[in-house]
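This report describes how the parts of one protein chain are arranged in a computed model. Please keep the sequence and the structure in view while reading.

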Amino acid sequence: MGNFNFPLNLHLLLYVLAIISRIPASVSEIQNTRIADDSRPMILFERFGFSEYGNVAVSVKDFSWKSTRHNAELEPSTMGFFLVRDASFPRIFNESEYADNFCVLWSRFVKIIFKFDNPSALNGSMLIDEPDEYSLIFGNCQSETQVTMDVHTEMYNIQDGNKNFLPAGQGPLPRLYFVFFLIYTIFLGVWVFICFKERSDIHKIHLIMGALLIFKALKMICASEDKMYVRKTGTPHGWDVAFYVFGFLKGIMLFTVIVLIGTGWSFLKPYLQEREKKVLMFVIPLQVMENIASVIIAETGPATKDWLTWNQIFLLLDVACCCAVFLPIIWSIRGLREASKTDGKAARNLEKLTLFKHFYIVVVGYLYFARIVVPAVLAIISYRFEWVLTAADEGASLVFYLFIFHNFQPTRKNPYLLIHDEDEVAAAHMLEEDDSFEL
């Protein structure tokens, strides 16, 4: 008999697997995955929300194995594919506490699709009779055994007699993304009209903001088509590539716009200071690397050995980008506050400071909601309402865009450029007394 003890602490492994199973794993629900010389005791392939009449099918080709032990024998019953609910991980953990030579395939909390008992027929399917969100996992209870295989997986629900390859909580996403595409297209049309009407007051930043709207709208239509093709066929038919490209350009444009507005470039001054150029040159490469990590995460899936590492890299780069964009805003607020004490234009500086203060608060709020609140809620919300969270995320993005474009539109009355005839003494006194402008 083979050794059924896992090479890693099973408790830690189950906790890690439970955590990474909460991370969205794939962009299509027909997957072909290559596993090479892998001895991991559990390999997460996909995570899918099943409705009633859901189905999963798995087939394995070119299976081979080797052992680190001399004259070792393969125990087929200790390898296989199974489904498990997220809520079952703690129960499996408890089972392992009180069982000798515990093998996850023997747990009563997993749904076995097939074991490797018959090497000539390594395939199986299962009709889901209990709707829920399940993780598809390969279990290998022989710690000294490395496996190599090509795995084909299909997971889908039956809707109106047809296969629907989208998880139960993502059904409305194609239509939702298309609605946001229409909204951003109208948004772009209004922006072009405003820029044409106020063409004498257009700055370079307004053109970059227009490009941001273009890429955002294109990203939305690509996301809609991607999800629609996945729903019907299980694969995105190339729309995922277009989605990555326009998502990459949108991400770079968004952070560039935030940094440039934060510096006051083309509004307050026609040039960037050296430290502001450094921030921009720091943020843009970070966005490039972040998008590369995002594509690798989406295309490889959790079955890849380094998938969790790429998730950590993505998180680190995202946090670094978010922190970097705050620096120019803080510098501008401090610079305006110092200038108000010496240039005799307290009222004008007060209005600019108020705008920058609001801009800073909105940027912080938006990034906090998108980067922290949404993933946190996604981890606890029912899988059937995943689309609601997507709608909230995109809605928050739209509100953020509306704030930026409304407050920094080309107009003679823009607070950046407007000079009032108000009482300079009163404004100066307010700047001295109000410490809300200090960061």
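Predicted model: local features only at pLDDT ≥ 70, side-chain atom pairs only at ≥ 80, totals over all residues.

## Helix H4 against helix H9

The helices themselves span residues 204-233 in the case of H4 and residues 386-407 in the case of H9, and their axes come within 12 Å and cross at roughly 165°. Because angles over 145 degrees count as roughly antiparallel, that crossing makes H4 roughly antiparallel to H9. The crossing in which H4 passes H9 is left-handed.

## Helix H3 against helix H4

Helix H4 also packs with helix H3, which covers residues 173-197, at an angle of about 160° and with the two axes 8 Å apart. H3 and H4 are therefore roughly antiparallel to each other, and H3 passes H4 in a left-handed crossing. The residues in this contact, sorted by class, are 19 nonpolar, 4 polar and 3 charged.

Which residues does Ile 221 touch, if those up to four places away in sequence are not counted? They are Phe 178 and Phe 181, while Ile 221 itself has its place in helix H4. With a relative accessibility of 16%, Ile 221 counts as buried, because the cut-off for that class is under 20% relative accessible area. Between Ile 221 and Phe 181 there are 5.6 Å in space, C-alpha to C-alpha, although the two residues are 40 residues apart in sequence.

Thr 235 is found in the loop between H4 and helix H5, the latter running over 239-263. Its relative accessible area of 27% makes Thr 235 partly exposed, since that class lies between the 20% limit for buried and the 50% limit for exposed.

Most residues other than glycine have a negative phi.

Tyr 53 has a phi near 70°, which is a positive value in a residue other than glycine, and Tyr 53 is found in the loop between strand E2 (42-49) and strand E3 (54-67). Is Tyr 53 buried or exposed? At 52% relative accessibility, Tyr 53 counts as exposed.

Asp 62, which lies in strand E3, likewise has a positive phi, here near 50°, in a residue other than glycine. The relative accessibility of Asp 62 is 58%, and Asp 62 therefore counts as exposed.

## The chain as a whole

There are 10 helices and 9 strands in the chain, and 49% of its 439 residues count as buried. Among the contacts in the chain with a separation of 6 or more, 83% are accounted for by residues 24 or more positions apart. The accessible surface of the chain comes to about 21,000 Å², and 60% of that surface belongs to carbon and sulfur atoms.

Terms used:
Residues numbered from 1 in each chain as written. Heavy atoms only, no water. Axes fitted to C-alpha atoms, helices over the stretch in contact; angles between N-to-C directions. Helix = DSSP H or I, 4+ residues; strand = E, 2+ residues; numbered from the N terminus. Parallel < 35°, antiparallel > 145°, perpendicular 65-115°, else oblique. Left-handed = near helix turned anticlockwise from the far one by under 90°. Buried < 20%, exposed > 50% of the residue type's maximum accessible area, 1.4 Å probe, protein only. Contact = heavy atoms within 4.5 Å. Areas by Shrake-Rupley, 256 points an atom, 1.4 Å probe, with all protein chains shown as cover. Nonpolar A, V, L, I, M, F, W, Y, C, P; charged D, E, K, R; others polar.
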